[in-house]
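Please examine the structure shown below.

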Amino acid sequence: MDPNTSSEITHKFPPFFQVHKDGRVERFMLSGFAPPTVDPRTGVESKDVVISPRTGVKARIFLPKINGPDPKKLPLVVHYHGGGFCVGSALDAVTAPFLNRLVSEANVVAISVDYRLAPEHPLPTAFDDSWAALQ
């Protein structure tokens, strides 16, 4: 492969990403992966689950700290991260603190869907992934 081909840009979508001629996508708005954990400030526990083994779509579940012996039913918040279907993640360092605080203060369970991103997965892939998670 010609080294000049891989660096040639075919599409620019500032400030989100650019696509190279070899198909590589370079994203600019990256906040880094945040592992599932027990948040020391709120006591909220998170864990990752696979929504669809066929597609690899994942989600992160956030569970509030339960005080007392009697478990009760809690409301569910289904969260779809922003980013115009081309940037962001349910598993990133921006989403986790927001949902930890929401779950703690509202006393709810939250699930954040990590749908597949465009342009590698053109629309309606993100919609299909989001619907599969809701079902």
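## Strand 6 and strand 7

His79 has Ser112 of strand 7 as its bridge partner. This pairing belongs to a predicted model. Five bridges connect strand 6 with strand 7, and the two strands pair in the parallel sense.

Helix 2 comprises residues 95-106 and lies across strand 5, strand 6 and strand 7. Relative to strand 5, helix 2 runs at about 40°.

## Strand 5 and strand 7

Strand 7 (residues 109-114) is also joined to strand 5 (residues 57-63), again by five bridges, but here the strands run antiparallel. Two positions illustrate this pairing. Lys58 has Asp114 in strand 7 as its bridge partner, and Ile61 stands opposite Ile111 of strand 7.

In what order do the four strands of the open sheet lie? The order is 4-5-7-6, and the pairing is mixed. Strand 4 (45-52) and strand 6 (76-80) are the edge strands, each of which pairs on one side only. On average, neighbouring strands of this sheet are turned by 25° against each other, direction ignored.

## The two faces of strand 7

In a regular strand, side chains alternate between the two faces of the sheet. In strand 7, Val109, Ile111 and Val113 point one way, while Ala110, Ser112 and Asp114 point the other way. Are these residues buried or exposed? All of them are buried. Strand 7 is accordingly described as mostly covered, with six of its six residues buried.

## Helix 3 and Ala132

Ala132 belongs to helix 3, which spans residues 125-134. Why does Ala132 count as partly exposed? Its relative accessibility is 35%, and the partly exposed class lies between the limit for buried, under 20%, and the limit for exposed, over 50%.

Although Ala132 and Ile51 are 81 residues apart along the chain, their C-alpha atoms are separated by 7.5 Å.

## The annotated region

An unreviewed UniProt entry lists residues 77-135 as "domain: Alpha/beta hydrolase fold-3". Over residues 77-135 the chain is 37% helix and 17% strand.

How values were computed:
Residues are numbered from 1 along each chain as its sequence is written. This is a predicted model: local features need pLDDT of at least 70, side-chain atom pairs count only at pLDDT 80 or more; totals for chains, interfaces and linings use all residues. Side-chain values use heavy atoms; hydrogens and water are left out. UniProt positions are given in the numbering used here, feature names are shortened, and annotations may be inferred rather than shown by experiment. Two strands pair if DSSP finds at least two bridges between them. Axes are lines fitted to C-alpha atoms, for helices over the stretch in contact, and angles run from 0 to 180 degrees between N-to-C directions. Contact means heavy atoms within 4.5 Å. Buried means under 20% relative accessible area, exposed over 50%, partly exposed in between (1.4 Å probe, protein chains only).
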